[in-house]
Amino acid sequence: MSFRFRSIFLIFIAMFAPVASGEVFRVGSHASCSHSTLAAALAAAAANGPGRDEIRLQASVQTVNAKFTISQTDVLIEGGYFGCGDAPPSPLHQSVIQGNGHDSVFYIDSGRNVELRQVAITNGGRLGVANGDFAVGGGLWLNGGVAILRGVRVMHNRAQLGGGLAVTGNSVMVIHGGAQASRIDHNEATLGGGIFVGERATLRIENDNVSVDSNVANGSANAWENAGGGIYATGGASNSSSVEVSALSGDPDAPVVPRGFVLADNATTGNGGGIALNGTATFGAVETTIRNNTATGSGGGIYIYGATLGAGGMAQMSRRLSHLPAWIKTCEGRYGCNRIVGNVAAKGGAAMVMHGRLHLGQMLVAGNRSIDGGGAAIHTGSIANAASPVNRIWLDSMVIAGNQCSGTASTHTPCATLSMGAGPNQVHVQHVTLADNALAWAGPSGGSGHQEIYHGPSSLPLVLRSTIIEPQPGVPVMIAVGPVDADCVMAPHFSSIGTRALARNTPYAFVSRAAYDYRPASPDSAIDACDTGQLFDSGYAGGADLVGHGTVDDPGVPNRYGPAARADIGAFEVTVLLRNGFE
């Protein structure tokens with residue numbers, strides 16, 4: 001029997017083989033309900049054997065002292081029903097499932113497939129370690145299975161790992177938003193105030209109406225043990241983990257523009273106010289906003305600590321990917337998508353990278369603050385014995401504006417907007433505008449206290465292409481210890497500025513600084529001043545591929561350096577997609 005025929009034969013048998021059918025169990029106080037408690041319905045589902053069962057919860061029924069282990073059956077638990085009839089649930093209501101204040105509300109075992117819809121999970125887990133025992137996933141702990149969350153709120157839970165949710169083992173958790181939204185908020189932990197993602201685990205988040213906000217990672221009295229106010233992910237040398245944010249539904253009939261994923265208002269007394277990536281963990285996000293997160297340590301928005309493992313961790317954010325189907329809509333600017341804004345840390349207001357890769361494209365990085373010197377927007381650190389280059393930074397098609405750095409007399413790291421002082425680093429900056437960043441430094445006397453870019457010792461050059469740098473009065477453009485490869489740069493003069501440089505005095509002409517619209521105002525010399533043929537394709541954040549999204553040639557302005565000089569210097573300009581003036 002050929003392999004192909006045998007495969008078809010086995011599929012045919014599977015299609016007609018008898019399987020245990022799932023049943024519907026209705027939980028509530030009405031006479032038409034089959035069970036009065038969720039615990040009783042789950043026990044009935046387990047007794048029903050294989051097959052995916054469905055449990056429908058009345059919105060008015062409160063489940064308390066919950067501690068559920070799902071290890072014997074696949075099940076859909078859906079709340080928000082007014083009664084136990086067959087009518088669909090109310091889209092505006094959730095059923096509350098309240099834990100016992102000690103254990104995970106839900107523990108999902110290996111091999112199980114569980115879906116939760118329209119439920120609110122609260123009061124699960126606990127903080128601290130006693131006799132070697134601690135809580136994992138205060139609201140829900142997925143350990144080796146699949147969990148799908150739709151229209152779910154996980155709030156006011158606690159754990160050592162993952163105050164709200166924990167994903168461990170060979171697991172996949174998927175969180176959908178959409179019209180009903182999902183929210184992970186006001187949870188508390190040591191690692192991952194909102195969510196913990198362990199080795200081999202995958203967390204997938206829909207970039208439409210999902211938020212991880214107002215969580216804290218402060219469970220340990222030792223600040224260095226706390227990390228990831230919103231999300232913490234960790235990966236080993238051969239067992240990575242990933243957090244993926246994208247258009248999960250891919251529905252060509254979707255009626256609305258996606259509203260993005262929001263990681264906001266989280267905090268930690270350690271590192272990584274928004275998200276912390278440890279080891280080989282990766283974070284890839286499309287249409288995402290990281291805002292107003294706080295870290296007492298480093299990395300207000302993003303913290304990458306790759307240890308000495310391979311290339312370290314990686315965070316990659318962009319507006320959209322060219323390989324996505326055409327019908328997947330771009331998130332509009334009114335939803336604030338694709339921004340890292342308002343985050344605060346000791347160093348690295350927006351991001352801190354210590355052995356890893358940071359790839360950002362088509363973004364606004366604004367209003368972030370470092371309060372102990374260093375990088376107002378991005379700061380790098382070094383790790384002994386890590387493979388060189390220690391850090392790889394790619395910034396493409398971005399506005400970096402209005403970020404702030406301050407220091408005190410005890411501060412030994414001078415302020416910069418981009419502080420690439422520890423590495424060695426591989427840094428590429430293309431189609432980026434740096435402007436209106438406030439750098440104040442009151443550190444020890446001697447040396448320069450602030451500069452827009454600090455390029456520390458590295459055998460690899462800092463590469464600048466088609467970039468505008470507008471420092472505040474008295475602030476140098478750059479302090480470069482390592483080599484600089486600059487081309488098509490508009491800035492006050494600095495050493496190694498390269499060819500086709502437009503040395504300019506500030507202020508420059510932008511459309512609207514107040515609205516973060518840093519497009520060159522016509523007829524500024526930055527328009528049609530860069531040769532698109534010499535631009536590199538980052539392979540991550542868009543690069544020359546962005547040309548496909550719209551015209552780059554302003555027909556009303558002569559190409560300043562010959563027919564190939566069709567691109568503006570500064571943040572890449574294409575046909576308006578965000579509808580908020582910022583491109």
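Q: What counts as a strand here, and which strand holds Gln451?
A: Strands are DSSP runs of E with at least two residues, numbered from the N terminus. In this predicted model, Gln451 lies in strand S43, which covers residues 450-455.

Q: Is Gln451 buried or exposed?
A: Buried means under 20% relative accessible area. Gln451 has 3% relative accessibility, so Gln451 counts as buried.

Q: Let's turn to rings. How is a pair of aromatic rings described?
A: A search of the whole structure finds six aromatic pairs. One of them is Phe196 with Tyr232, at 5.8 Å centre to centre and with 10° between the planes. Planes under 30 degrees apart count as stacked, so this pair is stacked.

Q: Where in the chain do Phe196 and Tyr232 lie?
A: Phe196 is in strand S18 (residues 195-197) and Tyr232 is in strand S22 (residues 231-235). They are 36 residues apart, and the pair links distant parts of the chain. Phe196 is buried at 8% relative accessible area, and Tyr232 is buried at 10%.

Q: What kind of pair do Tyr508 and Phe510 form?
A: Their pair is edge-to-face, with 6.3 Å centre to centre and 70° between the planes. Tyr508 is buried at 4%, and Phe510 is buried at 10%. Together with Tyr518, Tyr508 and Phe510 form one aromatic cluster.

Conventions
Residues are numbered from 1 along each chain as its sequence is written. This is a predicted model: local features need pLDDT of at least 70, side-chain atom pairs count only at pLDDT 80 or more; totals for chains, interfaces and linings use all residues. Side-chain values use heavy atoms; hydrogens and water are left out. Rings of Phe, Tyr and Trp (its six-membered ring) pair if their centres lie within 6.5 Å; planes under 30 degrees apart count as stacked, over 60 as edge-to-face and the rest as tilted. Helices (H or I, at least four residues) and strands (E, at least two) are DSSP runs, numbered from the N terminus. Buried means under 20% relative accessible area, exposed over 50%, partly exposed in between (1.4 Å probe, protein chains only).
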